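Reader: I am new to this structure and would like to learn how such features are read. Could you take me through them one at a time?

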Amino acid sequence: MYLTREEEKILQGDYGEGRRIAMELVVRVGEALGAERLIEINHAHASGISYDNIGDAGLEFIKSLFIAGAQVSVYSTYNPVGISLNVDPPPRLNVDRDFARKQMEIIRLLNSMGFVPSVTCIPYHMRQPRLGEHLAWGESSAIAVANSLYGARTNREGGPLALAAAIVGRTYYWGLHIDENRKPTIHVKVNADVGEEPSAGLLGYYIGQNFSDTIPYVDLNKKLGKREAISMCAAAAASGNIAMCIVRNVSPEDEGPPIGVEKAHVDQKELKYVKEDIESASIEEAEIFFTGCPHHEPSIVYKLFDYLSSKNIERLRREVWISIPGYASGDEKIRELARLLQRKNIYILPGTCIVVARLRGKVDVIATDSLKTAFYAPKRHGVRVAITSLWDFVKRFAE
């Protein structure tokens, strides 16, 4: 691999042991993939931050970088963790002291290395990627959103690589960083109603299942809303190795339907079959409803509180859990509304998500509007799943 003089000096340890370790990791991965050179990035986003995911080995790796003097050299953010921050979680999400201590140690180390204390899987809400800029992001849903909805360039990085890229400000020039690798490879014509978050997620789930390792051109008869487009990208990234779609009338790199590629059709019937295949429980069986995978923007807290007030809803008969970015936990108004919502059986979860938290054995059946959750939660926590929207669940169980 060709390295600039500056990159060689980093690799030789001229700028400290922490940067040397990080550069060695980036170079080794790039060489293994056949990359010819490195490229500077503007934003790194590290995944694999939950202690439930990385355990003591991951904690020690992060600590070793910190001890070696590593500091980030570009704008850097990190993913959700295994505990709720500054807001009391529902009792079933409580963790023991040792878990909480180690999780907070991970957060402290990252913040000390210069990461923005984002604690979210929607880093594009904090800093909007620019068309054509290079990123090094972990977190499959964020990667798909950055490539598909913003036209930024990032591969699907593992947590350690994204962490290393944050330290050296570079990643390998390969894959989706290269223009010719970003062209649609299949034309997916959609004739179905995907105007709500669950239905958009079902479409993404179907695309991931059936067109993995492609770049689909998603040809919709109606423009997707922002949250629906995010949900579709997240589901496609979860059920298949989809790191990028071109969404008609949404993606900035949309140049119209591609010519000379395979064509496929999706209608309402296919989405119905997907839902039937995923669902293993009824909504009435659900003990909780979970939403926020990917995280909702903090405004969802105000929106839901106002809705309940306008409908004079005193309380829900089932718990509702809503994940939002961890940085919002510093907002006193958010914390105040979270306390008020708890009285209504609604829990706000800043900085966490049930996909990366400890839930196994605590819940048997969940309802969700997130198809990413529907993909991972049964595997990680052994739960059964029902699919519905937040608003339908609230109406159903309102008192």
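Author: We begin with the naming of elements: helices (H or I, at least four residues) and strands (E, at least two) are DSSP runs, numbered from the N terminus. This is a predicted model, in which local features need pLDDT of at least 70 and side-chain atom pairs count only at pLDDT 80 or more, while totals for chains, interfaces and linings use all residues. Residues are numbered from 1 along each chain as its sequence is written, and side-chain values use heavy atoms, with hydrogens and water left out.

Reader: Where is His 295 placed, and is His 295 buried or exposed?

Author: His 295 lies in the loop that runs between strand S10 (288–291) and H10. A residue is called buried under 20% relative accessible area, exposed over 50% and partly exposed in between, with a 1.4 Å probe and protein chains only; His 295 counts as buried because its relative accessibility is 0%. Contact means heavy atoms within 4.5 Å, and, leaving aside residues up to four places away in sequence, His 295 touches a set that includes Pro 80, Val 119, Cys 121, Arg 227, Ser 323, Pro 325 and Cys 353.

Reader: Which peptide bond is cis?

Author: Most residues other than glycine have a negative phi, and most peptide bonds are trans. Here a cis bond joins Cys 293 and Pro 294, with omega about 5 degrees, and Pro 294 belongs to the loop between S10 and H10.

Reader: Which residue other than glycine has a positive phi near 65 degrees, and which has one near 75 degrees?

Author: Asp 213 has a positive phi near 65 degrees; it sits in the loop between H7 and S7, and it is exposed because its relative accessible area is 59%. Asn 345 has a positive phi near 75 degrees and is found in the loop between helix H11 (332–342) and strand S12 (346–350), but Asn 345 counts as buried, since its relative accessibility is 8%.

Reader: In which strand is Pro 216 found, and which residues does Pro 216 touch?

Author: Pro 216 is found in strand S7 (residues 216–220), and with 0% relative accessible area it is buried. Apart from residues up to four places away in sequence, Pro 216 is in contact with Ile 186, Val 188, Ile 207, Ile 242, Met 244, Cys 245 and Ile 246. The C-alpha atoms of Pro 216 and His 187 are 6.0 Å apart, although 29 residues separate the two along the chain.

Reader: In what order do the three strands of the open sheet lie?

Author: Strands of a sheet pair through backbone hydrogen bonds, either parallel or antiparallel, and two strands are taken to pair if DSSP finds at least two bridges between them. The order in this open sheet is S3-S2-S4, with parallel pairing; strand S3 (75–78) and strand S4 (135–137) are the edge strands, each pairing on one side only. Strand S2 (residues 43–46) is joined to S4 by three bridges, and His 45 has Trp 137 in S4 as its bridge partner. H6 packs on this sheet and touches S2, S3 and S4, its direction making about 145 degrees with that of S2, where axes are lines fitted to C-alpha atoms, for helices over the stretch in contact, and angles run from 0 to 180 degrees between N-to-C directions.

Reader: How many residues of helix H6 are buried?

Author: Nine of the ten residues of helix H6 (residues 159–168) are buried, so that the helix is mostly covered; among them are Gly 159, Leu 161, Leu 163, Ile 167 and Val 168. Gly 169, with a positive phi near 70 degrees, follows H6.

Reader: How much space lies in the largest pocket, and how much in the largest cavity?

Author: Rolling a probe the size of a water molecule over the atoms shows where empty space is left. On a 1 Å grid over the protein atoms alone, a cavity is a set of points where a 1.4 Å probe fits but cannot get out, a pocket is an open set with protein on both sides within 12 Å along at least five of seven lines, and lining residues have an atom within 4 Å of a point. Grid points are joined across faces, edges and corners, and a volume is the space filled by probe spheres set on the points. The largest pocket holds about 420 Å³, and of its 20 lining residues Glu 197, Arg 227, His 296, Ile 300 and Lys 303 lie nearest its centre. H8 gives the largest share of that lining, four residues. The largest cavity holds about 40 Å³, and its lining includes Glu 197, Cys 293 and Pro 294.
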